[in-house]
Amino acid sequence: MLYENIREESLKLKVAADWFPKFDCTDIIGRIDFAVKIKRTNAIDFGDEYLLWAEAKQQPTDIYRMLAQLIITIKADAYNRVPPKFIGCFDNEKIAFVEYHNVLPIYQINDFNWTQTPSAVDDKTVDTVRNAISANQIFSFNFETDQAELRNFLKANFNLDAATNLLSTLIDKNNFIFVYQKWLRQVMPKINADWAVLKKNYGIYDRDFFLAELNVDDNGTAEVNDDKTVNADFYITFDAADKKPYQLVRKDGFGMEATYSFGFKSDGLQQYTDFWKHYKRPPQNEYWKYILERLDLLVPQDVRERKGAFFTPQIWVEKSQQYIADVLGADWQDEYYVWDCCAGTGNLLNGLNNKYNVWASTLDQQDVDVMKERIKNGANLLENHVFQFDFLNDDFSKCPQGLQDIINNPEKRRKLVIYINPPYAEHGNRKQVIGTGANKTSVATETTIYKQYSNILGAATRELYAQFLIKIYAQLPNCIIAQFSTLKGVQAFNFKKFRDFFEPELKKLFLVPASSFDNVQGAFPIGFFIWDTSVKQRFNGILANAYDQHGIEVEKKNVYSYDNDRLVIEWIRPFFDKQNEIIGYLRMKNTDIQNKAQIFFTSMPSEADFREKTYTFITKNNIIQMAIYLTIRCVVDGTWLNDRDQFLYPNDGWETDNRFQTNCLIYTLFHGQNKITCKQGVNHWIPFTESEVDAKERFESHFMSDFLAGKIKSEQPKDLFSDVDAGVETVHAPSLQMTPESQAVMDAGRELWRYYHTMADANPNASLYDIKEYFQGRDAKGKMNAKSDDKQYTELLDNLKAAMQTLAAQIRPKVYEYGFLK
Ligand SMILES: C[S@@+](CC[C@H](N)C(=O)[O-])C[C@H]1O[C@@H](n2cnc3c(N)ncnc32)[C@H](O)[C@@H]1O
């Protein structure tokens with residue numbers, strides 16, 4: 001091995017000498033292990049220019065783990081610097097590079113734990129980085145076996161000649177934000193424009209002026225972009241030769257253009273000229289397009305910081321304060337004290353007007369500094385009320401005296417509102433730890449609160465946000481808690497012990513889609529809860545208001561704890577039948593709406609299903625119950641609001657409703673989650689006879705058409721279908737009762753089958769799944785295509801889908817009526 005048995009420091013020196021001899025690798029930037037800088041002799045001094053920042057390890061280490069460490073280090077030590085072209089990592093075997101812009105999105109991830117120590121980065125974070133940076137964005141080379149490739153890569157990307165000859169920096173995906181931020185400091189204040197009016201009347205921002213300047217061709221660069229229209233109705237052009245160089249062009253409805261001109265203040269032109277000497281503009285077309293796509297990044301540093309990792313959107317900040325005022329009264333800001341004990345950069349406190357009553361503390365000193373900086377820029381907070389405090393570890397005696405006076409005084413404490421959007425980091429579950437064999441370390445399991453409460457409160461304590469609630473409830477009795485979080489605390493089964501302990505009265509709750517928070521993906525609700533801890537009242541349920549991502553009120557939503565409910569799985573279990581002929585399998589997992597895709601009929605469970613026992617047999621005796629189970633799980637559409645709703649043990653209304661039972665059976669025969677196929681055994685699920693569909697051969701099984709015709713007898717554990725006494729085993733045919741809606745589905749289905757059997761190579765035993773596969777085919781990865789080129793098939797399938805929708809509409813209300821859903 002090339003670099004065997006050498007220490008990390010020597011490894012860095014050797015890598016520098018062997019691979020980057022013409023560059024300066026001696027710089028120390030915060031705690032970044034290794035940096036490659038261009039040695040500039042003839043360039044105008046406008047800050048250092050780096051080609052690489054890298055993490056170094058003495059021993060072979062996972063690339064993503066090293067990158068995760070570096071990304072956290074950069075955030076802490078170098079996030080405000082102009083970044084390098086690449087970030088990377090190396091150990092004594094290999095080196096890897098990623099273009100910096102590919103890691104930018106990671107800095108926007110909401111639940112990324114930026115506060116951990118880089119050298120002990122947790123597995124969840126490494127996985128996040130693994131998911132965010134695709135393998136083809138990483139260029140990795142073994143020092144020994146890929147020597148030639150590495151040389152070629154460095155020649156192409158670390159081209160010293162090109163680099164040193166450049167007097168001005170090219171603007172690209174990596175640096176445009178920083179160029180903009182420098183411009184904000186140096187040029188923007190010199191422009192003679194009323195920014196507030198421009199924003200209000202035209203939706204024009206300073207960044208539009210920046211873009212107009214950026215688009216000027218003053219270096220003879222090949223490509224100048226014609227497309228200046230950042231904003232379709234208004235745009236800014238720039239010509240330095242004009243006395244008033246900025247032209248705001250406005251197009252009216254008739255295609256006429258009006259222009260408004262703006263000039264510089266006193267020495268503005270000089271500032272402008274000096275600034276752009278350092279950059280080559282315009283950027284190449286590909287970067288220009290990218291910049292236009294990412295205009296959201298062109299906001300002042302302060303705002304961007306807040307938009308990033310931890311940020312409550314302003315619309316919800318405002319709404320939450322309205323709700324607090326509703327609960328505590330219009331004068332709450334004068335009558336109550338507010339403490340945001342995980343304030344980040346203080347964004348949640350925007351809009352509060354009585355700074356004498358507001359306290360803000362947070363974990364990172366950096367964030368405290370940002371808050372103090374913001375105070376200088378007009379944020380309505382008191383410097384002495386902003387402090388560093390690790391809420392989950394520190395003792396209240398570390399708080400400023402004024403706040404301690406409130407905390408220690410029972411009367412004042414009743415007037416304390418803990419107003420927070422707590423962090424969401426979660427420690428991996430036990431299974432993960434065993435599965436990876438990894439020795440996990442995590443902030444969530446190292447806190448004092450975790451150590452104190454994990455034995456009593458179980459799984460909930462693995463979540464930082466629950467730890468905040470536990471500490472507040474236990475140590476700040478009688479205060480008000482106003483907090484954002486998911487609904488786990490009130491709904492999740494593994495939070496039951498937490499609910500046994502955390503029993504304040506929930507005064508109000510509103511829900512918003514999680515996706516309205518920056519970079520949170522997934523369709524689920526985030527709630528804003530207002531709790532009065534002076535009243536003990538176990539949470540069972542509440543009718544919550546809900547808003548869409550624009551803040552428009554949508555239907556109200558009942559949120560339940562389900563602590564006193566039995567789940568649907570308890571209902572279906574007594575119908576499991578291990579004795580009779582298997583006609584298919586029900587695959588099932590979990591009992592909430594979000595797991596709909598996990599429920600289906602199949603001819604053969606997968607190995608994993610066998611292992612995990614996530615299936616049961618369908619037989620002539622339980623087919624009705626299995627059909628009801630599949631139907632209720634599939635028929636209700638999941639939305640961000642209902643996706644955590646649980647399916648429950650029903651009342652007995654369904655037992656005597658033959659129409660409902662029949663509807664469910666027909667629904668499951670033609671639903672996409674019925675994946676029965678003749679390729680995995682006898683297909684018992686053909687709803688028609690051979691003659692009905694003109695099949696060319698006899699079917700192997702007539703079970704389903706016989707069952708529908710009432711020819712098959714079922715033995716039921718209860719008297720579901722007869723009037724014999726309960727508990728007596730009866731032998732009879734279930735009395736099916738077709739509704740016009742289910743008949744329409746049968747008719748549409750029959751047409752589809754008939755068409756299929758006109759095909760020369762039709763398989764007589766084909767199921768609906770097989771028929772779909774026949775016409776739609778599969779893609780290269782083996783996934784069934786969504787569409788078919790066969791027009792007649794498409795039309796027949798559309799008819800079937802329409803009939804299914806009508807049938808679904810008839811079934812849906814029954815799902816609630818019979819209590820499968822609350
Ligand atoms: C979801 S953010 C909320 C930030 C801001 N209040 C907002 O609403 O936009 C949570 C914040 O809690 C901070 N934090 C994490 N652990 C903490 C701890 N143990 N003590 C105090 N603050 C913590 C994080 O640094 C982060 O800034």
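This is a predicted model: local features need pLDDT of at least 70, side-chain atom pairs count only at pLDDT 80 or more; totals for chains, interfaces and linings use all residues.

Biologist: OK, switching to aromatics. How many aromatic pairs does the structure hold?
Modeller: The structure holds 73 aromatic pairs. One of them is Y246 with F264, edge-to-face, with 5.4 Å centre to centre and 70° between the planes.

Biologist: Where in the chain do Y246 and F264 sit?
Modeller: Y246 is in strand β8 (residues 246–251), and F264 is in the loop between β9 (257–262) and α9 (268–277). They are 18 residues apart, and the pair links distant parts of the chain.

Biologist: Are those two buried or exposed?
Modeller: Y246 and F264 are both buried.

Biologist: Give me another pair. What's the geometry of F510 and Y547?
Modeller: F510 and Y547 are edge-to-face too, at 5.7 Å centre to centre with 85° between the planes. That pair also links distant parts of the chain: F510 belongs to strand β16 (residues 504–513) and Y547 to strand β18 (residues 541–547), 37 residues apart.

Biologist: Why do F510 and Y547 count as buried?
Modeller: The cut-off for buried is under 20% relative accessible area. F510 has a relative accessible area of 1%, so F510 is buried. Y547 counts as buried because its relative accessibility is 7%.

Biologist: Which residues do ring pairs link into a cluster?
Modeller: The cluster linked by ring pairs is F20, F23, F34, F86, F90, F97, F139, F141, F153 and F158.

Biologist: What about lysines over ring faces, which ones do that?
Modeller: K471 lies over the face of F396, 4.8 Å from the ring centre. K75 does it with W114, at 5.7 Å from the ring centre.

Biologist: Next, helix α6. How many of its residues are buried?
Modeller: Helix α6 (residues 176–186) is mostly covered, with nine of its eleven residues buried. The buried ones are F176, I177, F178, V179, Y180, Q181, K182, W183 and L184.

Biologist: Now K679. Where does it lie, and is it buried or exposed?
Modeller: K679 lies in the loop between β23 (674–675) and α26 (690–693). The K679 relative accessible area is 59%, and K679 is exposed.

Biologist: What does the K679 side chain contact?
Modeller: The K679 side chain makes a polar contact with the side chain of E773, at 2.5 Å. K679 is also 8.4 Å from A766, C-alpha to C-alpha, although the two are 87 residues apart in sequence.

Biologist: And T533, what does its side chain reach?
Modeller: The T533 side chain reaches the backbone nitrogen of N478 at 3.0 Å. T533 is in strand β17 (residues 525–536) and counts as buried at 9% relative accessibility.

Biologist: Last topic, backbone angles. Which residues other than glycine have a positive phi?
Modeller: Among them are N5, with a phi of about 55°, and K613, with a phi near 55°. Most residues other than glycine have a negative phi.

Biologist: Where do N5 and K613 sit?
Modeller: N5 is in the segment before α1 (8–19). K613 lies in the loop between α23 (607–612) and β22 (615–618).

Biologist: Buried or exposed, those two?
Modeller: N5 is exposed, with a relative accessible area of 74%. K613 is exposed as well, with a relative accessible area of 67%.

Conventions:
Residues are numbered from 1 along each chain as its sequence is written. Side-chain values use heavy atoms; hydrogens and water are left out. Rings of Phe, Tyr and Trp (its six-membered ring) pair if their centres lie within 6.5 Å; planes under 30 degrees apart count as stacked, over 60 as edge-to-face and the rest as tilted. Helices (H or I, at least four residues) and strands (E, at least two) are DSSP runs, numbered from the N terminus. Buried means under 20% relative accessible area, exposed over 50%, partly exposed in between (1.4 Å probe, protein chains only). A charge sits over a ring if NZ of Lys or CZ of Arg is within 6 Å of the ring centre and within 35 degrees of the ring normal. A polar contact is a pair of N or O atoms within 3.5 Å; within protein, one must be able to donate a hydrogen and the other to accept it, and residues adjacent in sequence count only if both atoms are side-chain atoms.
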